[in-house]
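Thanks for coming. I will go through one model this morning, starting with the ligand shell and then turning to the core and the annotated positions.

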Amino acid sequence: MEVAKLCDALVDWLKERINEAGARGAVFGLSGGIDSAVVGALCKRAFPENCLGLIMPCYSNSKDEEDAVKVAEKFGIPHKKIVLDGVYDEFLNILDKTDNRVAVANIKPRLRMITLYYYATLNNYLVVGTGNKSELTVGYFTKYGDGGVDLLPLGNLVKKQVRELAVYLGIPRDIIEKPPTGGLWEGQTDEGEMGITYEELDNFILTGKARPEIAEKIKNMNRKSEHKRNLPPIPAF
Ligand SMILES: Nc1ncnc2c1ncn2[C@@H]1O[C@H](COP(=O)(O)OP(=O)(O)OC[C@H]2O[C@@H]([n+]3cccc(C(=O)O)c3)[C@H](O)[C@@H]2O)[C@@H](O)[C@H]1O
Ligand SMILES: Nc1ncnc2c1ncn2[C@@H]1O[C@H](COP(=O)(O)OP(=O)(O)OP(=O)(O)O)[C@@H](O)[C@H]1O
């Protein structure tokens, strides 16, 4: 679909889903990255008065926070900053110590999920997630963390299509061009951790073509993350 039409269709889709839920608007996390900038700009178009971007640093990079504010100000998105460092520390203090980096890092998106649902309930908003088809395909998100949301407007778009939409929406160039990172630990990048590039992943999703070892890797990640895209299994008896 042509990008202007896609943008209008996504804005309509958000309005329809939120209205049919009997809700008044949208709340979302603004990280300073491209995906949440696009979601913020779409939600602002759908619900100009009733949208809320939460900036939730949790030992996050200060440049990302500046970028999140820059997006909120550029698009006139009502926003609020909630610092999660203290609650994250307190939480780690009451848990058994571990050197399992992923177990610890996943606490951050899960604290953000709790915060988003708090403001969703206060305002009668839905939580709008930022996951795209590339991340969803390989399960590159935290279950019930950034995956714990009500709507996924970018869920049928690969990363490359999100970039096209970002250019159309006027997201600042430097935000579009930043290397994607979950920001869960120092030096983390999506491509480094996944071991595949978005270009390879997007091409495989769109055309089914990739070098055999890449295709195998993507299929394997997709199989292993099936549980993240489904509701919990329930016995049939
Ligand atoms: N077959 C199965 N059936 C049902 N449940 C199953 C399961 N296998 C695991 N599980 C459950 O799932 C858990 C593992 O899933 P999860 O807790 O999500 O953990 P996991 O997938 O290991 O970690 C999340 C990954 O997403 C990345 N991430 C997170 C947040 C944002 C971004 C980003 O850049 O946007 C990336 C993060 O860096 C990490 O690589 C297991 O502990 C278990 O409880
Ligand atoms: N510091 C933060 N403040 C607010 N929300 C955040 C923050 N970090 C992550 N999020 C939320 O979690 C989502 C997943 O974030 P993550 O940083 O892991 O990477 P991403 O999928 O590349 O998204 P983005 O391009 O928006 O950064 C973000 O899009 C945002 O909605």
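First, a convention on residue classes: Ala, Val, Leu, Ile, Met, Phe, Trp, Tyr, Cys and Pro count as nonpolar, Asp, Glu, Lys and Arg as charged, and the others, Gly among them, as polar. By that scheme the shell around ligand 2 has nine nonpolar, eight polar and four charged residues.

Two notes on the source. This is a predicted model, where local features need pLDDT of at least 70 and side-chain atom pairs count only at pLDDT 80 or more, while totals for chains, interfaces and linings use all residues. Residues are numbered from 1 along each chain as its sequence is written, and chains are lettered from A and ligands numbered from 1 in the order in which they are written.

Back to the ligand. Ligand 2 is surrounded by 21 residues, and the closest are Gly-29, Gly-33, Asp-35, Ser-36 and Thr-130; a residue is near a molecule if its C-beta atom, placed from the backbone, lies within 6 Å of it. Which helix gives the most to this shell? Helix 2 does, with three residues. Helices here are DSSP runs of H or I, at least four residues, and strands are runs of E, at least two, numbered from the N terminus.

Next, the core. A nonpolar core is a set of buried Ala, Val, Leu, Ile, Met, Phe, Trp, Tyr and Cys residues joined through C-beta atoms within 7 Å. Buried means 20 or more other C-beta atoms within 10 Å of the residue's own, again placed from the backbone. The largest such core has 45 residues, and Val-128 is one of those with the most contacts inside it. Helix 2 provides the largest share of this core, eight residues.

Last, the annotated positions. An unreviewed UniProt entry lists Asp-35 and Glu-135 under "binding site"; such annotations may be inferred rather than shown by experiment. The two are spread over 101 residues of sequence, yet the largest C-alpha distance is 11.0 Å.

Asp-35 lies in helix 2. Asp-35 counts as buried because 23 other C-beta atoms lie within 10 Å. Beyond four places in sequence, Asp-35 touches Thr-130, Asn-132, Leu-154 and Val-162, contact being C-beta atoms within 7 Å.

Glu-135 sits in helix 7, residues 133-138. Is Glu-135 buried or exposed? Buried, because it has 26 other C-beta atoms within 10 Å. Leaving aside neighbours within four places, Glu-135 is in contact with Tyr-140 and Phe-141.

Methods
A residue is buried if 20 or more other C-beta atoms lie within 10 Å of its own, exposed if 12 or fewer, and partly exposed in between; C-beta atoms are placed from the backbone. Two residues are in contact if their C-beta atoms, placed from the backbone, lie within 7 Å.
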